[in-house]
Amino acid sequence: MTRPANTITRYTTVNRINHWINAGLFILLLVSGLSMFHPILFWLSGLFGGGQWARAAHPWLGICLMVSWVGMIIQFWRENLPNRDDVAWSKAITHVVRNDDGHVPPIGRNNPGQKLVFWSMTFLIPVLLFSGLLAWEVYFGKATSIEVQRVAILVHSLCAFAAVLVFVVHVYAAIWISGSVRSMTQGYVTPGWAWHHHRKWFRELIAHRKQP
Amino acid sequence: MSDMQSQDYVRRSASTMTPPSARNVEDQVAKLIDVSRCIGCKACQAACMEWNNLRPEIGHFEGSYENPNDLGPSVWTLMKFNEYENEQGNLEWLIRKDGCMHCEDPGCLKACPAPGAIVQYANGIVDFISDKCIGCGYCVKGCPFNIPRISKTDHKSYKCTLCSDRVTVGLEPACVKACPTGAIMFGAKTDMQHQAAERIVDLKARGFAHAGLYDPPEVQGTHVMYVLHHADKPSLYSGLPDKPHISTLVQAWKGLYKPLAVAAVALAAIGAFFHWITIGPNETTEEDEAEARREMRETEEEQAP
């Protein structure tokens, strides 16, 4: 790919491959899961070749997502640890959503919104996997009582709902903040992008930059 | 069963529109099982296998008259035996023919996510339209009586059809036809209730003070009813639920939450769209780039020896 001079690497190749495997699995899970959630969305199962296929594929995709998400945790947990700057940034959330960035305090590599996405998914995906396993008729239909399965499926649908909302926020934020999508597809941001959106991260980078 | 009566649906799973229901003047039907007249011969089980062409795998003897041990994808009705010692210290052998109760408010149908995989006909019969079944097992979670069983070979859910194919052409279910003591009866639900009432008077006269009809109102009644000598304690009959109801967990999952969750997700997406057209993208400007270059230059100068 052609990459302009003086740009900053935001996501490494491994970061990006892992992220897009994740994204693909999440979307397939979303589509197959929604088809079994509400009748007006049952047609989505046609994308899998019918209801039986959507039902059969969904749990396997879930297992793959869990494996993929472990990769994300390993790569991203450290930079998503909360810090003091998060409080000030969160208090300025009304300025953030209005693009009034002059009133938003400088933040490090990830802002609290991004951290919320990361930690929400880190909580929701394992809960979804576990509750999903309990409701997996083919292999675990007789493993627990029907009452346990009823609880599991309710928890599963509640967590899935939360995960879908997090997903919508994540996708829109990526579109909203111009340059974010390129950072996850081609891996780089311009210095101006880093200065504008993640000033503390930008300053850390230039302070430790090796002289050419 | 087959999808042979497609114009007399009163309920259809996972459907938000009115099902085809022009042929809706049929009588409500019911099967009445008089437990007090059952001798446990299993003719009904054999007749069910015979008519429906079901051949369950041969299992193992587990020390009980119950054979096989449980309902299954090929076992739609099963005699259940319980030895009960009554208050007088006498043994009572309580035998109950288990199977789908054909609830007026079916939990399986409420839970099913596949459009048209479970239907209820105008006559009250709840039927699985197997080619539409996706094998998810939600009907198992919805059922208050633990009836549906999912096949491991074709991943479809099965249960008693109340011989909907026979009833359509004016025949009684195969189990009714086969019963040698007349313990299983079939007809209009009101007729069956009258029949039961007469029998209950008889049973009370013979010392069963708590004899009664099992037609649980919690599921708005059933289209398979029992005459029980101990109607005050249905659970004596191999775990027949005292108060069968669709689990509140299932009601929560399949109730208002479902449309509200879909609406909330749609609203989130619409909200995002309107944020885009009102506030719009957050762009990095040439001034940002200039500021970044200035800071980089300053840092380099500071670090230079």
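Modeller: Helices here are DSSP runs of H or I with at least four residues, and strands are DSSP runs of E with at least two, numbered from the N terminus. From the N terminus on, the elements of chain A run β-α-α-α-α-α-α-α-α-β-α-α, which gives 10 helices and 2 strands. This is a predicted model, in which local features need pLDDT of at least 70 and side-chain atom pairs count only at pLDDT 80 or more, while totals for chains, interfaces and linings use all residues. Residues are numbered from 1 along each chain as its sequence is written, and chains are lettered from A and ligands numbered from 1 in the order in which they are written.

Colleague: Happy with that! Which parts of chain A carry the UniProt annotation "transmembrane region"?

Modeller: The unreviewed UniProt entry places it on residues 20-44, 56-77, 116-139 and 151-177 of chain A; such annotations use shortened feature names, follow the numbering used here and may be inferred rather than shown by experiment. In the model, residues 151-177 of chain A are 96% helix and 0% strand, with end C-alpha atoms 39 Å apart.

Colleague: What makes up the side of chain A that touches chain B?

Modeller: Two residues are in contact if their C-beta atoms, placed from the backbone, lie within 7 Å. By that test, 40 residues of chain A are in contact with 41 residues of chain B. Helices α1 (13-37), α2 (51-76), α6 (137-140), α7 (146-176), α9 (191-197) and α10 (199-207) of chain A each supply at least two residues of that side, and α7(A) gives the largest share, 13 residues. By class, this side of chain A has 24 nonpolar, 12 polar and 4 charged residues; Ala, Val, Leu, Ile, Met, Phe, Trp, Tyr, Cys and Pro count as nonpolar, Asp, Glu, Lys and Arg as charged, and the others, Gly among them, as polar.

Colleague: Over to chain B, then. Why is V119(B) called buried?

Modeller: A residue is buried if 20 or more other C-beta atoms, placed from the backbone, lie within 10 Å of its own, exposed if 12 or fewer, and partly exposed in between. V119(B) has 28 such atoms, so it is buried. Its place is in strand β5 (residues 118-121) of chain B. Leaving aside neighbours within four places in sequence, V119(B) is in contact with Y9(B), R11(B), R12(B), S13(B), D127(B) and I129(B).

Colleague: What makes a set of residues a nonpolar core?

Modeller: The members are buried Ala, Val, Leu, Ile, Met, Phe, Trp, Tyr and Cys residues joined through C-beta atoms within 7 Å. The largest such core has 84 residues, and C112(B) and I118(B) have the most contacts inside it. Strand β11(B) supplies the largest share of this core, 5 residues. Apart from it lies another core, of 15 residues, among them L29(A), L61(A), M72(A) and A163(A).

Colleague: Last one: why do β9 and β10 of chain B count as edge strands?

Modeller: Two strands pair if DSSP finds at least two bridges between them. The open sheet of 4 strands in chain B has the order β9-β2-β11-β10, with mixed pairing. β9 (184-188) and β10 (212-214) of chain B each have a single partner strand, so one side of each is left without a neighbour in the sheet. β10(B) pairs with β11 (residues 224-228) of chain B in the antiparallel sense over 3 bridges, and Y214(B) stands opposite Y226(B) in β11(B).
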